[in-house]
Amino acid sequence: MTLWTPDPTFYPSPRDAAAAAPEKLAYVAAFDRSAERPDALAVLDTDPESSSYGQVVGWTDLPYTGDELHHFGWNACSSALCPSAPHPHVERRYLIVPGLRSSRIYVYDTKGRVSPELVKVVEAEDLGKRAGYSRPHTVHCGPEGLYVSALGGYGEEGPGGIAILDHTSFEVLGRWETDRGPQYLAYDFWWHINHDVLVTSEWGTPSMIEDGVVGELLLGRKYGHRLHFWDLRRRRHVQEVDLGDQYQMPLELRPAHDPTKKYGFVGVVTSVEDLSASVWLWYEEGSRWAVRKVVDIPAEPASPDDLPDVLKPFGAVPPLVTDIDLSVDDQRLYVSCWGTGELKQFDVSDPFKPVEIGSVRLGGIVRRAAHPAAPGEPLAGGPQMVEVSRDGRRVYVTNSLYGSWDDQFYPDGVGAWMAKVDAESFTLDERFFPHGDDFRGLRVHQTRLQGGDASSDSYCYP
């Protein structure tokens, strides 16, 4: 009798995920800002015992140009073991890769190969006609299927929202929301899966973001500044929480991995009042949701001569918190300050009172801090996308945010680099610094780790 067993990279609990074997490969989205060449998936060797450690060992070009790869994810993960919607016999095998500018969604097979192989393309028209959305942004594997957030509507600016794809055929099933309430702007989404709660954040519609930061919109406080809470099962909007319109662009959501907990963190790019950035906590207060600012990161004074045009009037470098990541044990929060070129580490064992315990500098609009592996090489960009290994020991960062925004804040070029930080000592690994020509002239954005990582999985058992 043949027995089906779940994918060994599905973990019932965060504890099981942390105890699993470490990743040996990292998949990285690489894109061509000029849109003259195809974007690509680069594969990095992350095994310190390997002779090719820290090198690009796999590479797959996309079939078209002009996609601008952004936030991709796995077709299936640990949520497949949840009793409310079990899918234990799917595999963590395919990478679901959205093109933020093209609105295409690509499906790549990683099984039995180093360089992923294309198996399906979901065209923009399919996403638009079946779900009513465009500009797919973030992918999460979850109950009943694949969830894909989108920034725009089909043939119109908005509203943005969430589309559902089938786990196995990857066909677009339709729009997730049955009642969106006041929600219009979209960006990230996550959930407290055991409690039937979904959370969404806000950025802007395609025209608000695709050509860079629009000063009039920013100073006019028109970008997103709210969180939305939803009934996950009924797919209905429940509550809107406004952070205050001075806090522009609450982006990345990181809920507690412990499925018995109902709190999470969101990073806010900037305050229009003083250019500071911040991290906020959402939590349940009675029968309602509340938010509280728990980390405040001030702007750094700078000479206008050292600043790009977009910042010269302010005489300061904003931190620009553009990504955060929470370790699987919920003890450490990592905050990328893309403007100042800093990665911060916080002890969040008490989520209401984070304590900064580490910092590394790389790049930055003014500092241009070098990597210790190449001390004479000033770096552009800064720690941007952050990914933490399941065991919490390794932190990977890449340096590009979004093509048009790169060009505004780093007008001399953002380059391409990836770095690895040891979480315990909070120092940079000098053996791991792929950069420049390693990425064949493309810019690098999000990282996914073989077997899952701190921002790919949700768990149903504590």
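Because the model is predicted, local features need pLDDT of at least 70 and side-chain atom pairs count only at pLDDT 80 or more, while totals for chains, interfaces and linings use all residues. Residues are numbered from 1 along each chain as its sequence is written, and side-chain values use heavy atoms, with hydrogens and water left out.

**View 1. The disulfide between Cys 77 and Cys 141.**
The link is right-handed, with 120° about the S-S bond. Cys 77 sits in the loop between β4 and β5, and Cys 141 in strand β8 (residues 133–142), 64 residues apart. Strands here are DSSP runs (E, at least two residues), numbered from the N terminus. Cys 77 is buried at 1% relative accessible area, and Cys 141 is buried at 2%; buried means under 20% relative accessible area, with a 1.4 Å probe and protein chains only.

**View 2. The disulfide between Cys 82 and Cys 460.**
Here the two sulfur atoms are 1.9 Å apart, and the right-handed link has 95° about the S-S bond. Cys 82 belongs to the loop between β4 and β5 and Cys 460 to the segment after β30 (443–449), so the bond ties together parts that are 378 residues apart in sequence. Cys 82 is buried, with a relative accessible area of 2%; Cys 460 is buried too, at 8%. Counting bonded cysteines along the chain, the disulfides follow the pattern 1-3, 2-4.

**View 3. Ser 79 and its contacts.**
Ser 79 is found in the loop between β4 (73–74) and β5 (94–98). Leaving aside residues up to four places away in sequence, Ser 79 touches Ala 85, Cys 141, Gly 142, Ile 193 and Ser 458. Contact means heavy atoms within 4.5 Å.

**View 4. The largest cavity.**
A cavity is a set of points, on a 1 Å grid over the protein atoms alone, where a 1.4 Å probe fits but cannot get out; lining residues have an atom within 4 Å of a point. Grid points are joined across faces, edges and corners, and a volume is the space filled by probe spheres set on the points. The largest cavity has a volume of about 150 Å³. Of its 16 lining residues, Trp 191, Pro 255, Ala 256, His 257 and Ser 458 are the closest to the centre. Two or more lining residues come from each of β12 (189–192) and β16 (247–255), with β12 giving the largest share, 3 residues. The lining divides into 8 nonpolar, 4 polar and 4 charged residues. Ala, Val, Leu, Ile, Met, Phe, Trp, Tyr, Cys and Pro count as nonpolar, Asp, Glu, Lys and Arg as charged, and the others, Gly among them, as polar.

**View 5. The second largest cavity.**
By type, the lining residues are 7 nonpolar, 5 polar and 1 charged.

Notes:
Helices (H or I, at least four residues) and strands (E, at least two) are DSSP runs, numbered from the N terminus. On a 1 Å grid over the protein atoms alone, a cavity is a set of points where a 1.4 Å probe fits but cannot get out, and a pocket is an open set with protein on both sides within 12 Å along at least five of seven lines; lining residues have an atom within 4 Å of a point. A disulfide is a pair of cysteine sulfur atoms within 2.5 Å. Buried means under 20% relative accessible area, exposed over 50%, partly exposed in between (1.4 Å probe, protein chains only).
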